[in-house]
Amino acid sequence: MTLAREAALSVLREADWLRGEPAALAEALLAHGRLLQLHPGEWAQAEGDEHRGLIIVISGVVHVSCQAAGKRNVLVGHCEAGAVLGHATRFSGGPRLVTAVCAGACTLLAVPERGLEDVAAQWPTLWRALATSAYTYTRRTVRALAELIALPPRQRLAARLLIMADTHAAAGQPVVRLSQQAIGEMIGVTRKTINAYLAGFERERLVRARYNHIVLRDLPGLRRIADS
């Protein structure tokens with residue numbers, strides 16, 4: 001097995017939606033899929049695509065957007081290692097719901113629907129795992145929507161940072177791997193506003209902000225702001 005496939009297998013085995021499933025299920029998904037190396041700005045999928053099957057993020061950050069009225073392309077979220085894009089349309093509806101674009105260099109695992117069926121023939125709990133992934137994504141989306149409607153900008157930023165945090169970061173400090181521009185687009189405020197709020201959070205030692213990532217140093221402190 002090549003180093004790339006070994007790394008992909010490690011990500012699959014640690015993915016939340018495959019937790020508790022046999023290790024052989026991750027191996028089967030890798031065996032029936034194809035690893036793709038994409039450059040910054042390349043599209044992993046487009047809203048409205050009829051292609052069936054899954055795309056699993058192995059490394060990198062993928063921006064997720066959808067089209068609003070007036071053909072406005074709206075950034076609504078992001079996916080990192082272990083996350084699932086796409087769906088098995090034979091079982092879960094129609095064309096792709098979102099456009100996914102690589103924010104930087106990305107490695108993706110594309111598993112066609114026929115491959116999913118072959119894997120599920122031996123490991124039928126695959127469908128349960130995918131349902132878990134879909135539920136988790138829906139829950140996060142609904143929560144983000146509620147906070148977008150209900151919260152003022154400062155509280156909204158704190159709440160969204162908590163949603164987006166990578167809880168598997170080293171040293172126990174979650175990381176949001178997005179630029180301040182991207183976060184501003186997601187919560188409906190300008191980059192200048194994001195910069196001002198983050199500067200305040202830094203003074204309170206709640207975060208450590210950088211150009212393309214934010215380290216969350218004090219989760220309870222951010223939660224207090226979100227709940228205020």
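**Close-up 1. Leucine 148, a partly exposed residue.** Leucine 148 has a relative accessible area of 34%, so it counts as partly exposed. The model shown here and in every view below is predicted. Leucine 148 sits in helix H5, which covers residues 125-150. On the surface, Leu145, Leu148 and Ile149 form a nonpolar patch. Together these three residues have about 290 Å² of accessible area.

Close-up 2. The closest N and O atoms of glutamate 147 and arginine 143 are 3.4 Å apart. Both residues belong to helix H5. They are four residues apart, which means a separation of about one helical turn. Are the two partners buried or exposed? Glutamate 147 is buried, because its relative accessible area of 14% is under the 20% cut-off. Arginine 143 is partly exposed, at 35% relative accessibility.

Close-up 3. How many salt bridges does a search of the whole structure find? The search finds eight. Glutamate 27 is partly exposed, with a relative accessible area of 37%. Arginine 13 is partly exposed too, with 43%.

Close-up 4. Arginine 114 and aspartate 118 form a salt bridge, with 3.4 Å between the closest N and O atoms. Both residues lie in helix H4 (residues 113-122). Four residues separate them in numbering, about one turn of the helix. Aspartate 118 is partly exposed, with a relative accessible area of 35%. Arginine 114 is exposed, because its relative accessible area of 60% is over the 50% cut-off.

**Close-up 5. Helix H7, largely enclosed.** Helix H7 spans residues 180-187. Why is H7 described as largely enclosed by the rest of the structure? Six of its eight residues are buried, so the rest of the structure largely encloses it. The buried residues are Gln180, Ala182, Ile183, Gly184, Met186 and Ile187. Isoleucine 187 counts as buried, with 0% relative accessibility. In sequence, isoleucine 187 and valine 76 are 111 residues apart. In space, their C-alpha atoms are 8.3 Å apart. Glycine 188 follows H7. The phi of glycine 188 is positive, near 80 degrees.

**Close-up 6. Lysine 71, a loop residue with positive phi.** Where does lysine 71 lie? Lysine 71 is in the loop between strand E4 (62-68) and strand E5 (72-79). Its phi is near 60 degrees, a positive value in a residue other than glycine. Lysine 71 is exposed, with a relative accessible area of 70%.

**Close-up 7. Arginine 205, with positive phi in another loop.** Arginine 205 lies in the loop between helix H8 (191-203) and strand E10 (207-209). Arginine 205 is not a glycine, although its phi is positive, at about 60 degrees. At 53% relative accessibility, arginine 205 counts as exposed.

**Close-up 8. The second largest pocket and its lining.** Rolling a probe the size of a water molecule over the atoms shows where empty space is left. In the second largest pocket, that space comes to about 220 Å³. Which residues line the second largest pocket? The lining includes Gly60, Val61 and His63. Ala103, Gly104 and Ala105 also take part. So do Arg177, Leu178 and Ser179. Tyr211, Asn212 and His213 complete the lining. By class, five lining residues are nonpolar, six are polar and one is charged.

Terms used. Residues numbered from 1 in each chain as written. Predicted model: local features only at pLDDT ≥ 70, side-chain atom pairs only at ≥ 80, totals over all residues. Heavy atoms only, no water. Patch = residues over 30% accessible without salt bridge, like charges linked within 9 Å, V, L, I, M, F, W, Y side chains within 5 Å. Areas by Shrake-Rupley, 256 points an atom, 1.4 Å probe, with all protein chains shown as cover. Salt bridge = Lys/Arg side-chain N within 4 Å of Asp/Glu carboxyl O. Helix = DSSP H or I, 4+ residues; strand = E, 2+ residues; numbered from the N terminus. Buried < 20%, exposed > 50% of the residue type's maximum accessible area, 1.4 Å probe, protein only. 1 Å grid on protein atoms, 1.4 Å probe; cavity = no way out; pocket = protein on both sides within 12 Å on 5 of 7 lines; lining within 4 Å. Points joined across faces, edges and corners; volume = space filled by probe spheres on them. Nonpolar A, V, L, I, M, F, W, Y, C, P; charged D, E, K, R; others polar.
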